[in-house]
Amino acid sequence: MSEPGPSGNRPGLRDPSKPASGAEYAGAGLQLALTLVAFMFLGIWLDKRLGTSPWFVLICVFVGAGAGFYSIYRRLMGSAKRDGSGRAR
């Protein structure tokens, strides 16, 4: 079992009294970029396989961008809730 850290929190969880680090936001940006690249390669593969260039690349890039932005939104809103800054004033 894991023992509480010095601040009383479990290891691996960040202290909610501290603001989010830049690494957390950089990770969200990297996730968006990797999602876009993965969907782009999927579109390229589908276009080569089906001979429909450039349609699947375009569709997959837009779907990947939407999925990436939604993922970032969920991550940042979850972080805001944990921090308590998402409360109504």
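Q: What span should the 29 residues of H2 have at 1.5 Å a residue, and how far apart are its end C-alpha atoms?
A: In this predicted model, helix H2 covers residues 55–83. The expected span of a helix is 1.5 Å times one less than its number of residues, and for the 29 residues of H2 this comes to 42 Å. The end C-alpha atoms of H2 agree with that expectation, since they are 42 Å apart.

Q: Which residue just after H2 takes a positive phi?
A: Helix H2 runs over residues 55–83. Just after H2, a positive phi of about 85 degrees is taken by Gly-84.

Q: Which residues of H2 are buried, and which helix is included in what covers them?
A: A residue counts as buried when its relative accessible area is under 20%. In H2 the buried residues are Cys-60, Gly-64, Ala-65, Gly-68, Ile-72, Ser-79 and Ala-80. An α-helix has 3.6 residues a turn, so residues three or four places apart point the same way. What covers the buried residues of H2 includes helix H1 (22–50).

Q: Is Phe-62 buried or exposed, and what is its relative accessible area?
A: Phe-62 is found in helix H2, and the cut-off for an exposed residue is a relative accessible area over 50%. Phe-62 is therefore exposed, with a relative accessible area of 64%.

Q: What is the area of the nonpolar surface patch made by Trp-55, Leu-58, Ile-59, Phe-62 and Val-63?
A: Trp-55, found in helix H2, is exposed with a relative accessible area of 56%, and Phe-62 is likewise exposed. Together with Leu-58, Ile-59 and Val-63, these two residues make a nonpolar surface patch of about 560 Å².

Q: How far is the C-alpha atom of Trp-55 from that of Gly-43?
A: Trp-55 belongs to helix H2, and Gly-43 is twelve residues apart from Trp-55 along the chain. The separation of their C-alpha atoms is 8.0 Å.

Q: Leaving aside neighbours within four places in sequence, which residues is Leu-46 in contact with?
A: Leu-46 lies in helix H1, and its C-alpha atom is separated by 7.9 Å from that of Val-57, eleven residues apart along the chain. Contact requires heavy atoms within 4.5 Å. Leaving aside neighbours within four places in sequence, the contacts of Leu-46 are Gly-51, Thr-52, Phe-56 and Cys-60.

Q: What percentage of the 89 residues in the protein chain is buried?
A: The protein chain has two helices and zero strands, and its accessible surface comes to about 7000 Å², of which 67% belongs to carbon and sulfur atoms. Of the 89 residues in the protein chain, the buried share is 17%.

Key. Residues numbered from 1 in each chain as written. Predicted model: local features only at pLDDT ≥ 70, side-chain atom pairs only at ≥ 80, totals over all residues. Heavy atoms only, no water. Patch = residues over 30% accessible without salt bridge, like charges linked within 9 Å, V, L, I, M, F, W, Y side chains within 5 Å. Areas by Shrake-Rupley, 256 points an atom, 1.4 Å probe, with all protein chains shown as cover. Salt bridge = Lys/Arg side-chain N within 4 Å of Asp/Glu carboxyl O. Helix = DSSP H or I, 4+ residues; strand = E, 2+ residues; numbered from the N terminus. Buried < 20%, exposed > 50% of the residue type's maximum accessible area, 1.4 Å probe, protein only.
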